[in-house]
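Keep the viewer open and follow the stops in order. Each one says what to select, then what is there.

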There are 2 protein chains.
Amino acid sequence: MPRKKASPKRRSRCPLNASVEILGDRWSLLIIRDMMLRGFRTYKEFLDSYEGIATNILADRLRKLIAHGIITTQRNPSDGRKVIYSLTPKGIDLAPVLTEMVLWAAAHEDTGNQALVRQIQQDKEKFLNAAWQRWAEANRALRQP
Amino acid sequence: MPRKKASPKRRSRCPLNASVEILGDRWSLLIIRDMMLRGFRTYKEFLDSYEGIATNILADRLRKLIAHGIITTQRNPSDGRKVIYSLTPKGIDLAPVLTEMVLWAAAHEDTGNQALVRQIQQDKEKFLNAAWQRWAEANRALRQP
DNA sequence: ATTTTCGCTTGCATTTTGCAAGTAACATTG
DNA sequence: CAATGTTACTTGCAAAATGCAAGCGAAAAT
């Protein structure tokens with residue numbers, strides 16, 4: 001399968017612009033944060049997350065993230081109501097972006113979650129490896145239920 | 001002076017959320033890119049940038065970036081019409097964020113500007129240092145006109 | 001003196017977002 | 001097995017953000 005899709009009518013071919021068009025809104029990266037750092041995988045978990053996304057916006061963002069190949073879905077075989085969302089390789093590759101955004105805000109804004117911030121500051125590589133390993137492990141568990 | 005401002009009514013205290021609230025739209029990071037990588041400093045330059053921002057949106061984003069302490073303005077003494085925008089230290093500190101967003105899109109989307117991308121891939125630190133040095137030099141020139 | 005340039009503002013249509021109230025499919029409970 | 005609860009959504013509508021075109025005042029160029 002092809003690794004990169006031809007981009008449908010972008011404003012420009014600048015890679016930063018591509019990122020901004022895909023991720024530049026007030027919710028997408030928070031959903032990805034919840035999946036990557038908090039292990040959230042269901043609609044209800046995202047909906048109940050602290051920032052309070054509206055249900056129609058959540059449905060829309062999940063649809064777009066799927067369309068962009070950042071997340072995928074599968075049904076939970078033991079509970080037919082539940083849909084399990086998970087990050088694709090393209091999705092977990094956003095870890096460095098999230099990491100730098102956390103560091104920037106922690107350095108220049110009044111924010112919380114200092115435990116996470118210090119962990120990243122102390123050893124960024126270790127933090128990124130850990131995130132990747134959690135992702136790999138969760139995927140393994142999903143394939144062998 | 002205080003390094004961090006108390007944040008007015010954020011959705012949450014998560015540092016990623018702070019970044020998203022400040023930068024999470026379709027234009028802010030492109031303006032910062034134009035300043036950081038292309039050396040743009042005037043309203044007209046931003047307006048004429050390839051993606052085609054609308055003039056009212058540009059004025060609004062510049063106002064917000066100033067309010068967040070990411071850019072500052074000064075009048076051009078040799079041409080009283082021109083306003084010179086430049087990145088603050090908080091603004092140039094966004095370089096790692098932009099860098100990772102460029103790398104992610106270059107890896108997973110069909111994008112251009114491969115010269116820039118390869119430069120970053122080959123030596124990220126060197127690229128970041130160069131960006132910082134260009135910024136320091138431009139600031140020096142501005143103070144001694 | 002007139003025209004052009006620059007950095008905006010204003011008005012208005014379109015799009016996106018947010019809120020509240022459904023709903024269909026499945027699972028649990030009595 | 002019927003009633004109730006859960007889950008993942010959709011729908012309708014108001015409010016806010018965005019985009020487009022036109023205009024405008026101050027300064028500079030001609």
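Predicted model: local features only at pLDDT ≥ 70, side-chain atom pairs only at ≥ 80, totals over all residues.

Which residues does Glu21(A) pair with, and is Glu21(A) buried or exposed? Glu21(A) sits in helix H1 (residues 15–23) of chain A, while Arg11(A) is in the segment before H1, so the bridge ties together parts 10 residues apart in sequence. Glu21(A) is buried, at 15% relative accessible area. Arg11(A), at 21%, counts as partly exposed.

**Next stop: two helices of chain A**

Select Glu100(A) and Lys124(A). Here the side chains meet in a salt bridge of 2.6 Å, N to O. Glu100(A) belongs to helix H6 (residues 95–108) and Lys124(A) to helix H8 (residues 124–143), so this pair links parts that are 24 residues apart in sequence. Colour by accessibility. Glu100(A) is buried, with a relative accessible area of 9%. Lys124(A) is partly exposed at 33%.

**Over to chain B**

Select Asp79(B) and Arg81(B). Their side chains make a salt bridge at 3.0 Å, N to O. Asp79(B) has a relative accessible area of 18%; the cut-off for buried is under 20%, so Asp79(B) counts as buried. Arg81(B) is exposed, at 70%.

Now select a network: Arg10(A), Arg11(A), Glu21(A), Lys90(A) and Glu109(B) are joined by salt bridges that share partners. Over all chains, the whole structure holds 32 salt bridges.

**Last stop: DNA strand D**

Show DNA strand D and the residues around it. There are 19 of them. The closest are Arg63(A), Tyr85(A), Asn56(B), Arg61(B) and Gly80(B). Of the DNA strand D atoms within 4 Å of the protein, 66% belong to sugar and phosphate.

- Arg63(A): a side-chain N or O atom is 2.8 Å from a phosphate oxygen of DNA strand D.
- Gly80(B): a backbone N or O atom lies 2.8 Å from a phosphate oxygen of DNA strand D.
- Thr55(A): a polar side-chain atom is 3.4 Å from a base nitrogen of DNA strand D.

Which elements give two or more residues to the surface near DNA strand D? In chain A they are helix H3 (43–47), helix H4 (55–67) and strand E2 (83–87); in chain B, helix H4 (55–67). Colour this surface by residue class to finish. Six of its residues are nonpolar, six polar and seven charged.

Technical notes
Residues numbered from 1 in each chain as written. Chains lettered and ligands numbered in written order. Heavy atoms only, no water. Salt bridge = Lys/Arg side-chain N within 4 Å of Asp/Glu carboxyl O. Helix = DSSP H or I, 4+ residues; strand = E, 2+ residues; numbered from the N terminus. Buried < 20%, exposed > 50% of the residue type's maximum accessible area, 1.4 Å probe, protein only. Near = heavy atom within 4 Å. Polar contact = N/O pair within 3.5 Å; in protein donor to acceptor, adjacent residues only side chain to side chain. Nonpolar A, V, L, I, M, F, W, Y, C, P; charged D, E, K, R; others polar.
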